[in-house]
Amino acid sequence: MDGGLLFFFQLLVSGVAVGCLYALVALGFVLILKATDILNFAQGEVIMISAFICYFLVTTLHLPFLVAVLITCAAAGLMGILTERLVLRPMLGEPVFAVVMVTIGLSIFLRSMTGILFGHNNLVFPSPFPKETVKMGGIILSQTQIWIMISTLALIIAFFLFFKYSRMGLAMRGTADDQNVAQLMGISVKRVFAMIWAVSFVSAAVAGIFLANVMVINLGLSFVAVSAFPAIILGGLESIPGAIIGGLAIGIIENLAGGYLDQIIGGGVKDVTPFVVLFLILMVRPYGLFGKKEIERV
Amino acid sequence: MAIRSKTFRESYYEDIKLFQTIWIKFWMMLFIIALVAVPFVTDPYLVYIIDISCIATIAALGLNILTGFTGQISLGHAAFLAIGAYTTAIFASTLNMKFWVCLPASGVAAACAGLLVGIPCLRLKGLYLAMATMSFGVVVEYVTVTWEDLTLGVRGISVPTLDVFGYALDSNEKLYYFLVAVTALAVIAATNLVRTRVGRAFIAIRDRDIAAEVMGVNLTRYKVLAFAIGSFYAGVAGGLYAYVMHYIHPDHFTFLLSVQYLAMIIIGGLGSVLGSVFGAVFVTVVPEFIKALAQTMTLVFPALEDKYDDAWNIAAFGLLIMLFLIFEPKGLSGIWLRIKTCFKNWPYTY
Amino acid sequence: MNVKRVLGVVLVCALTCFFSSPAMAARGVTDDTIKLGLILVKTGPVAALGLPDGHGMVDYMKYLNEQGGVHGRKIDVIWEDDEFQPPKSVAALQKLIHRDKVLTVITTGGSQQTIANMKTINDYKLSNVPNALMKEFFDPYHPYIFAMGALYETQFECIVDYIFNDLKEKNPRIGVVYTKKEYGKIGLNAIRERAKAYGVDLVNELVLPTGAVDASSQVLTLKQNNVEYVITCDVLPPIISFVKTTEKYNYKPKAIFGFNWATDDMIVKACGKAAENYIGANFVGGWSDDSPGVKLAKKIAKKYGRDEKSIGLTSLYLHGIGASLLFGEAFKRAGRDLNPDSLKAAFETFRDFDSGGIFPPLSYTDKSHAPPEMIKLFKADVPNKRLKAITGWRKPMKMK
């Protein structure tokens, strides 16, 4: 392959790796959105807290990485259930706006608590993956990136199977579709909501652990959630495959814009491009790429 | 005179009157006197905090007209503030214009930007609209950083002192009266707006846009109008911000600021003019209040001083927001209404 | 009508009440204490920069108090948090002046905060050391601003000089990675000009935002263009990600340069072997320097129970100690009769003031508050996990 083409593919593959992270973050958002219509502003804080928890399990308690990941996921799941129970349950039936605001309050609270508990220093995660790079037909990938892609894929397949075949997954889909009918069918909507928050937080935790591997761990980690916003919308708010494709698309768009446009236009178009693309897509398709158009009845 | 009972109205006009009873007029007067007296009884620090809340109030009013009354969620309010602030900054510093040119120009510039966003966003609803406005915010931030010839980029623009017909407002107290006056104007204008035909159209759109259309409300016109008015308020607030801070920078108008304004109107109460005021004051004043409280605590209990961390203040603020909304999802204006009815119906409270 | 009457009342009252007078008494100084303010970020994502700096400032003052204070007065530092938001910094300064009645503030935060507070600083004669290195703070002369560190321009000029003169490169391929903040932009322009003066154009000018998730496209672009020297103008966290990403893609430039906010032992600790070609410029000494000033700083840190880990960024702790050292010396020189004017006059008596290696010799006069235009370069010392000075204090070369 010649240099230019190789450069393109390299950017593309790196974009997919970042896109996987965005997809995981977006997945967390969409799960809650689909079932409860709430945009959870505290999602970024969950990502950050998970990164911190995993860091401390690995460095202070010297646990093996995999054990630390499992404990972190469990902790995140527990946090999801607690959040639902303590914060969201009392708000059941209240206007969506008020509930969204509660999540904003929660995000402010969690961010400062993280600062108090874990300190404000920049921490660097001791990467569990070997440093040697992998070469595939001229394209270089680090093992971290490969593991990010594999884990995301595994997680997505797991989610797919869970929603398709498990009893709980079915209950979740039913609840997302129509709460009243689900309740009539004997599904405990409260329990389903608690589970959805737990699953969503676990997805955020996995994203957090991998982000900790590529970024520096500090309170700024929570703002990654904002960069994933275009991914949620691009795919359509209520579509899980949409969130994943949206995430990948944003990752690729960012990297290609960074690789090509930044050299031509300059001035950091890399971060703006996803938002511009999002705006344009919304002009053409007001419900995102995969969102369902709501049929409005008067 | 009979004992005052429930208000009895005979005509529709009475129902939408600004001052429903003589008591409201009385309390208004008292409030105005209190406002005028503030700088005499407090120090410039508190006056500065009120200055900032005035600006926040104006911007929050704009967002409430757009989001609270018309139901068009915006996560890009900071962008309109930025446009207003930069218009004032450029007009006042580079072109040496007076405030009575700069501030209206800021409003108009922001309103034009509002039209620019409002028209393509007509088809969007809910979160999709929120994200589209957020994208607009990101683009505006990019432009203010990159277009250095106009905005001086990341250097930021220094803004000259506000000069009202030859009288330089060079201290917080002097600015205070000006800001309170402008805020009063903004509040009165907003109150009047929502009791007119336009306001009713806005509310109809919020409640059910298709039903509103069937009833003859021109959706396109009123949605775009809501964007323009909301942005106009934000623009004026941005202009005032430039004058008060004497310096603006692209970093001042980020996504977080938009979220903060959304927080103000939700905490204050959506679709309520009074709510915007409450919310703006709450979000700007309460963190300072918590800080002062925490510092008093460390004086009373010196043992706490080592354990004390400023992050606790912010955590407390977040917790307070959560508790408030769990306790009263209609926001501060809901609480206010409850207290008012309680007093009004006394002793027959229920 | 009612509305008109309301407006009338507001207007009349507003017009009659247009007066105020800030009190200008001997603020903040009593027989046995000096009240000193400090505004630096303590919470949020940038707290990692503010905390070590502020701890350094507070610790030195504590140390000074334990030595008996200055002319019998103890120094009481009141540290306000501004969350790195200029409006909050302005509010904090108002509080410090009017509620706490401080003599002055050590700093009001970064460049944005200092510019936003400029009017108050002049009105209340608050001599302070801004935490930013912009030319406009001392040129034109501002009576109460005392710049301490070399300008961003100076730092990057020294870096480019180093490539051409010390590394003896004739036609190097230089790329810049910057962020869209004041230091990033100033740095980029300085590098571009300086390289042009040597007859070389920059190969790439890429943006790396402070909160970037990923630096792949930047690294790949630099690699694609065979850039040999990467000069970064960004703060630590993104630079750490950047350096780690270069390792990911087997990209080995001859050197990666950084400026003062990214020149800290932290980078070697965080990146390990990936940072072996990292060279940083700084206007304060290194934590591993063998100078009396740094030794004093280490002693103070130890005294107040801080080790390298709990300090965080040691270069910033050193910066904080340095700023406080300056204030301590100024208080000493101002004598018993301490007020804003005598403090300013005391600062202006500094002639080649020696801090023992924390910062280069420094002079202020009543005409200029310019900082010493000198920096040191530090290179990564991977086995010892630290940066090691490779030059003494140096100025940019005189260009013909």
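1. Helix 3 and helix 4 of chain C. In this predicted model, helix 3 (residues 86-98) of chain C packs on helix 4 (residues 111-123) of chain C at about 40°, with the axes 9 Å apart. The two helices are therefore oblique to each other (angles under 35 degrees count as roughly parallel, over 145 as roughly antiparallel, 65 to 115 as roughly perpendicular, the rest as oblique). Axes are lines fitted to C-alpha atoms, for helices over the stretch in contact, and angles run from 0 to 180 degrees between N-to-C directions. Helices (H or I, at least four residues) and strands (E, at least two) are DSSP runs, numbered from the N terminus.

2. Handedness and contacts of that pair. Helix 3 and helix 4 of chain C make a right-handed crossing (the near helix is turned clockwise from the far one by less than a right angle; anticlockwise is left-handed). Pro86(C), Ser89(C), Val90(C) and Leu93(C) of helix 3 meet Gln112(C), Gln113(C), Ala116(C), Asn117(C) and Thr120(C) of helix 4. Contact requires C-beta atoms, placed from the backbone, within 7 Å. The residues comprise 4 nonpolar, 5 polar and no charged. Ala, Val, Leu, Ile, Met, Phe, Trp, Tyr, Cys and Pro count as nonpolar, Asp, Glu, Lys and Arg as charged, and the others, Gly among them, as polar.

3. Conventions. Residues are numbered from 1 along each chain as its sequence is written, with chains lettered from A and ligands numbered from 1 in the order in which they are written. Local features need pLDDT of at least 70 and side-chain atom pairs count only at pLDDT 80 or more, while totals for chains, interfaces and linings use all residues.

4. Helix 12 and helix 13 of chain B. Helix 12 (residues 255-268) and helix 13 (residues 273-300) of chain B pack at about 125°, axes 7 Å apart. They are therefore oblique to each other. The crossing is right-handed. Residues on the helix 12 side include Gln260(B), Ala263(B) and Met264(B); those on the helix 13 side include Phe278(B) and Phe282(B). This contact divides into 9 nonpolar, 5 polar and no charged residues.

5. Helix 5 of chain B. Residues 99-118 form this helix of 20 residues. First to last C-alpha is 28 Å, close to the expected 28 Å at 1.5 Å a residue (1.5 Å times one less than the number of residues). Its buried residues include Cys102(B), Leu103(B), Gly107(B) and Val117(B). Buried means 20 or more other C-beta atoms within 10 Å of the residue's own, exposed 12 or fewer, partly exposed in between. Helix 4 (77-94), helix 6 (126-146) and helix 11 (219-245) of chain B are among the cover.

6. Chain B against chain A. Here 35 residues of chain B contact 36 of chain A. Helix 14 of chain B gives the largest share of chain B's side, 11 residues. That side has 30 nonpolar, 3 polar and 2 charged residues.

7. Chain A against chain C. Here 35 residues of chain A contact 32 of chain C. Helix 1 of chain A gives the largest share of chain A's side, 6 residues. That side has 12 nonpolar, 19 polar and 4 charged residues.

8. Backbone points to check in chain C. Asp139(C) and Pro140(C) are joined by a cis peptide bond, omega about 5°. Pro140(C) sits in the loop between helix 4 and helix 5 (152-166). Asn250(C), not a glycine, has a positive phi of about 50°. Asn250(C) counts as partly exposed, with 13 C-beta neighbours inside 10 Å. Lys385(C), not a glycine, also has a positive phi of about 50°. Lys385(C) lies in the loop between strand 9 (376-381) and strand 10 (386-389) of chain C.

Technical notes: Contact = placed C-beta atoms within 7 Å.
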